[in-house]
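Student: Could you take me closely through how the helices pack against each other in this model, and then through the aromatic rings? Please give the cut-off behind each term as you go.

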Amino acid sequence: IGALLGALYGLAYAPLYLLARTVPPAPVRRSGPAAMVLAALGLTGAVAIAESGTTFVDNLMSALVLSGLAVVAVAMPSLARASPMRAIIWAATAGFPVGLAAGFKLTMAVYCVAFVLAALVVPRRWPERMALAVAAGVGIGIGLLVAGGPWFAIMWVKTGNPIFPYLNQVFQSPLAMVKSYRDDSGVPDRLWKALLFPFLVVSRQVMATGVPFFDLRVPTLYVLAIIALPLLAIGRRHLPLNLAARFVLVFAVVAYVLWLVLFSIWRYLLPIEMLAPVLITALVGVIVSAARMRRAAILASAALLGLIALTTRPAD
């Protein structure tokens, strides 16, 4: 059983590898061995290791979310330049596995919202961008119903709330209190805590998993994003961030904000933990963007990721 669980969780390696071949700067993504290392680093985060062999299934749900991102990354030329109908089909196809994840585990819904909003960055005319976002939402909705539809129907008949007991302030089933039942005990209650949350977690000032761990993946990604996003916002055209990277970055930012506001439970952030090595490499390429500095960017990425790998201490 342990071997089967490990094999299922190992499925995330395939989409991580595809993302590593499409998202980082050209010298990295053109290297198969470098992509293999980045994908492996995505599977060896503190929570990813801690959940291996368990039935939390955040690992398996993360594989589905990452699969949707991988479809987008590989199909980005079609999404950006193909006929509107073909692009819409690709968007719906990519959204399907993300919806499956949310249907199997409701906490993955934050990634559904992030996926739809990220579709708006595909470089097409705005009506076509909106169509892609709607198509992604339709694909997500189909996946959600395929995975969760039978259970939603049973809960609706038995309790009057399809996701019983959650959101019972909306459905008001008589079998539960009129409240959301969302565990928000870990959500930061101060702005400064929200801004510093990744650092508070790794320094053990906040127990976002219930047990201690140490992993610099998300804090490093957080710092690099704060540095790189203003550079992207001012529109420097020479920045080496391709369309797939922009989609994944927007997805990660939106998902992180939603997760922070709704849950702040670290294992629900596992897709971002897994994406972190790929995005760290991409953002270092943005910050060290001049062509003459490419070697420095690669060395900086390798040093950061090496430090992260060596210092990671999984939760138990």
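Tutor: Helix H15 (residues 270-287) and helix H16 (residues 294-311) have axes that come within 9 Å and cross at roughly 145°. Helices here are DSSP runs (H or I, at least four residues), numbered from the N terminus, while axes are lines fitted to C-alpha atoms over the stretch in contact, with angles running from 0 to 180 degrees between N-to-C directions. The model is a predicted one, in which local features need pLDDT of at least 70 and side-chain atom pairs count only at pLDDT 80 or more, whereas totals for chains, interfaces and linings use all residues. Residues are numbered from 1 along each chain as its sequence is written, and side-chain values use heavy atoms, leaving out hydrogens and water.

The crossing of H15 with H16 is right-handed, a term for a near helix turned clockwise from the far one by less than a right angle. On the H15 side, Pro 277, Ile 280, Thr 281, Val 284 and Gly 285 make the contact, and they meet Ala 297, Ala 300, Ser 301, Leu 304, Leu 305 and Ile 308 of H16, contact meaning heavy atoms within 4.5 Å. These residues divide into eight nonpolar, three polar and no charged; Ala, Val, Leu, Ile, Met, Phe, Trp, Tyr, Cys and Pro count as nonpolar, Asp, Glu, Lys and Arg as charged, and the others, including Gly, as polar.

Turning to the aromatic rings, those of Phe, Tyr and Trp (its six-membered ring) pair if their centres lie within 6.5 Å, with planes under 30 degrees apart counted as stacked, over 60 as edge-to-face and the rest as tilted. By this rule there are 11 aromatic pairs. One of them, Phe 115 with Phe 251, is edge-to-face, at 6.5 Å centre to centre and 80° between the planes. It links helix H8 (residues 109-118), which holds Phe 115, to helix H14 (residues 243-262), which holds Phe 251, across 136 residues. Both Phe 115 and Phe 251 are buried, that is, under 20% relative accessible area with a 1.4 Å probe and protein chains only.

The pair of Phe 197 and Trp 259 is edge-to-face because the ring centres are 5.7 Å apart and the planes lie at 70°. Since Phe 197 lies in helix H12 (residues 197-202) and Trp 259 in helix H14, the pair ties together parts that are 62 residues apart in sequence. Phe 197 is buried, with a relative accessible area of 2%, and Trp 259 is buried as well, at 0%. Ring pairs join Phe 197 and Trp 259 with Phe 199, Phe 213, Tyr 222, Tyr 256 and Trp 266 in a cluster.

Key:
Helices (H or I, at least four residues) and strands (E, at least two) are DSSP runs, numbered from the N terminus. Buried means under 20% relative accessible area, exposed over 50%, partly exposed in between (1.4 Å probe, protein chains only).
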